[in-house]
There are 2 protein chains.
Amino acid sequence: MSPHAETVQANGRHYAKPRAPVVVVCVDGCEPDYITQAIQAGVAPFFERMLANGSSLIADCVVPSFTNPNNVSIVTGVPPSVHGICGNYFYDVEADREVMMNDPQFLRAPTLLAAFGEAGAMVAAVTAKDKLRTLLGHGLKGICFSAEKADKATLAECGIDKVLELVGMPVPSVYSAELSEFVFAAGVRLLEERRPDLMYLSTTDYVQHKCAPGTAEANAFYAMMDGYLAKLDALGAVVGLTADHGMSPKTDAAGNPCVLYLQQELDSRFGAGATRVILPITDPYVVHHGALGSFATIYVEQPAREQVARALAALPGVEMVVTREQAVERFELAPDRIGDLVVIGDHLTVLGTSGAKHDLSGLTVPLRSHGGISEQKVPLLFNRRLQGVAPHRRLRNFDVFDLALNHAVAAST
Amino acid sequence: MSPHAETVQANGRHYAKPRAPVVVVCVDGCEPDYITQAIQAGVAPFFERMLANGSSLIADCVVPSFTNPNNVSIVTGVPPSVHGICGNYFYDVEADREVMMNDPQFLRAPTLLAAFGEAGAMVAAVTAKDKLRTLLGHGLKGICFSAEKADKATLAECGIDKVLELVGMPVPSVYSAELSEFVFAAGVRLLEERRPDLMYLSTTDYVQHKCAPGTAEANAFYAMMDGYLAKLDALGAVVGLTADHGMSPKTDAAGNPCVLYLQQELDSRFGAGATRVILPITDPYVVHHGALGSFATIYVEQPAREQVARALAALPGVEMVVTREQAVERFELAPDRIGDLVVIGDHLTVLGTSGAKHDLSGLTVPLRSHGGISEQKVPLLFNRRLQGVAPHRRLRNFDVFDLALNHAVAAST
């Protein structure tokens, strides 16, 4: 954290101070095939050029493959076992209440963005939804605002005001492709006007929850992105792009959602109150996925635990059931922020509590969602070649700042 | 096998004799989203109606999620542990040679098609490629031909001749969408002209290896299929549709294939000759996938086995490494037809032997392939409602004849 050193340290990792501006983009719900198909359709010429001349890798995101745990992992450079954010919700056993983790008080590690700000770098972060802003901007001396509340940004709270004037766009709907476009547009304008040393742009997966890779709407979204990335590149930035998680169809062939209602199943076998199913995808914005993801955690007292685990594992649609200890080891989670069991749905199946608790009326197109292991593979892309990355190193999406700052080869121009 | 009973028995399962013609379709490489997206695009009106009025289920195919093991499972009603076909290739340890299993001599169970023929039913089977014809038609008193060699079909060998006249199409290229269209066209003409009691139609996955669900070419293929299925339905057939396996993109975001060359990796660590990697996807038709799938089996003598397993499990791209015994139990395989270890690639990764042995020059578009657990979920569809299927029964694609014959509700007309 020394402001005079050549490197900045955060959570035990060292990051070189950037010589050119570094922009890291987290494209929410970016299954790699979205980019592949947009390139195939000929609507993403910059992506095509960037990946031919730069670097195209695949990385593992954090499971649960949800937005908050992954965005926080990316800006801290460490997994949830260190930073504590394992989902949007956990059950506080002692207080006997379900707790939402959008608040920075649940964050157990500083962000590298804050560390760079502390070290004298100019740092900016732009998120699509405001729910992420407070987590990502925690302790940050710099610019941090959301597209959703861009009109409310003040110098005191966000390090910037008059954002709509800067960007030249109105505040978009929270359920729209434009909410993400605003993030990119803001990133380009910030780079032009303020030239921050380090910038983090994080979009929302409204389009990916609705549209399959290669469809017209998905291609239009990636074509939009392609244009802004080309501008960031032309402005001389080192661009790193990854995703918080992938995205899979979660339906049968007819397009009906494949939902396994776990609380219902468990109540009918073990009695009401014997188990508590928590869905860490739940947050205030659930219209586009009905709070249905492929990851659930179960609180269940002994001695029933093993019996419950066996019953869950036998249900069609369940890919894996592990104990808290196994989940902590395999997925690097914080033991006090997950239940006694972790259940993961297969690539077509989402996990619910009970039918009455999920409003599916917002699902106007076949459900696509995430949360499981099947959405763990994400793109890890750079507009530069990389050097010094060990062969067979398991790459994570939260290595993106390390790779952009420590391994990207300077542009040859 | 009694010709006078109301049911026909094959491999321990009982099948009711059909009152209306039953047509079972195996759509090669049919990830469920192909159908969902075609319906969404408005090009599959019959699928939409059929799934609204009939049944739409998801089933597990056999792993390795390859064509031969699954087609054979479907026509025998049992897994590879019974019928013996675990892939296209195995290594005969005693003879020290790699053996192709396209020949019926490797089949350890009779087909239900043959049993129905024996019981006096009129049975027809049409495959896209000729490689499947001899396996599926083994012991069959009835009609059995391939689109690939439709012009060569003789009464003596195929139970039918003059197929091109019947179908009214020329013999298509073996690498084409038309090869599958020929299968459907033949099915409709056979139903019109001969009205078999039981018919099996099996297509090829040329289109699915090239095109993502929802893209124009994929939608055109499913629109073609939709028209023929509507005709089969209009002719009064009970239609059951499933797939041999799903299909996943096997590339990074740039579209470069994600290949893990296992023999290369193992030779560099354990020395040449210490291990033998067999890829059971290999067959004479590899242009569209370069013999790259997500399943491999390894022959390795003790005492190195455990060390090899650990080395494989640590490679990025590997989803699972199991011993022969574990694979036999979990995937219901025949122990003498697989190696000492089974390796499964993740949903974006295919497994090769060594770079020099795979010709990727035929990959004109980003690789899509199968073979792993990520391609195990397939559609299981009927143009009838089903009754008497136990809740939470794990459905398999090789239950399709059971469900069509024993559980489909008669049409109300």
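Leaving aside its neighbours within four places in sequence, what does Asn71(A) touch? In this predicted model, Asn71(A) is in contact, meaning heavy atoms within 4.5 Å, with Cys26(A), Leu132(A), Leu136(A), Tyr200(A), Ser202(A) and Asp244(A). With Ser202(A) there is also a polar contact of 2.7 Å between the two side chains; a polar contact here is a pair of N or O atoms within 3.5 Å, where within protein one must be able to donate a hydrogen and the other to accept it, and residues adjacent in sequence count only if both atoms are side-chain atoms.

Before I go on, a word on conventions: residues are numbered from 1 along each chain as its sequence is written, while chains are lettered from A and ligands numbered from 1 in the order in which they are written. Because the model is predicted, local features need pLDDT of at least 70 and side-chain atom pairs count only at pLDDT 80 or more, whereas totals for chains, interfaces and linings use all residues, and side-chain values use heavy atoms, with hydrogens and water left out.

Asn71(A) sits in helix α3 (residues 67-76) of chain A, helices being DSSP runs of H or I with at least four residues, and strands runs of E with at least two, numbered from the N terminus. Its relative accessible area is 1%, so Asn71(A) is buried; buried means under 20%, exposed over 50%, and partly exposed in between, with a 1.4 Å probe and protein chains only. In chain B, 10 of the 10 residues of helix α3 are buried, so this helix is largely enclosed by the rest of the structure. Among those buried residues are Asn70(B), Asn71(B) and Val72(B), and the helix is followed by Gly77(B), whose phi is positive, near 80 degrees.

Now to the way the two chains come together.

How many residues does the contact take from each chain? There are 39 from chain B and 39 from chain A, and the area buried between the chains, that is, the accessible area (1.4 Å probe) that two parts lose on being put together, summed over both, is about 2800 Å², with carbon and sulfur atoms giving 60% of it.

Between chain B and chain A the count is 4 salt bridges, a salt bridge being a side-chain nitrogen of Lys or Arg within 4 Å of a carboxyl oxygen of Asp or Glu. In one salt bridge, Lys377(A) pairs with Asp346(B), the closest N and O atoms being 3.2 Å apart. On the side of chain B that touches chain A, the elements that give two or more residues are α1 (32-40), β4 (55-60), α12 (262-270) and β19 (377-382) of chain B, and α1(B) gives the most, with 7 residues.

Helix α12 of chain B also holds Gln263(B), which counts as buried at 13% relative accessibility. A polar atom of the Gln263(B) side chain lies 3.1 Å from the backbone oxygen of Thr275(B).

Let me finish with salt bridges inside the chains. The structure holds 46 salt bridges over all chains. Asp340(A) and Arg324(A) form one, with closest N and O atoms 3.0 Å apart; Asp340(A) lies in the loop between α14 (324-331) and β16 (341-345) of chain A and Arg324(A) in helix α14 of chain A, so the pair ties together parts that are 16 residues apart in sequence. Asp340(A) is buried, with a relative accessible area of 11%, and Arg324(A) is buried as well, at 18%.

In chain B, Glu157(B) forms a salt bridge with Arg133(B) at 3.1 Å between the closest N and O atoms, and this pair links distant parts of the chain, helix α7 (residues 155-158) and helix α6 (residues 130-136), 24 residues apart.
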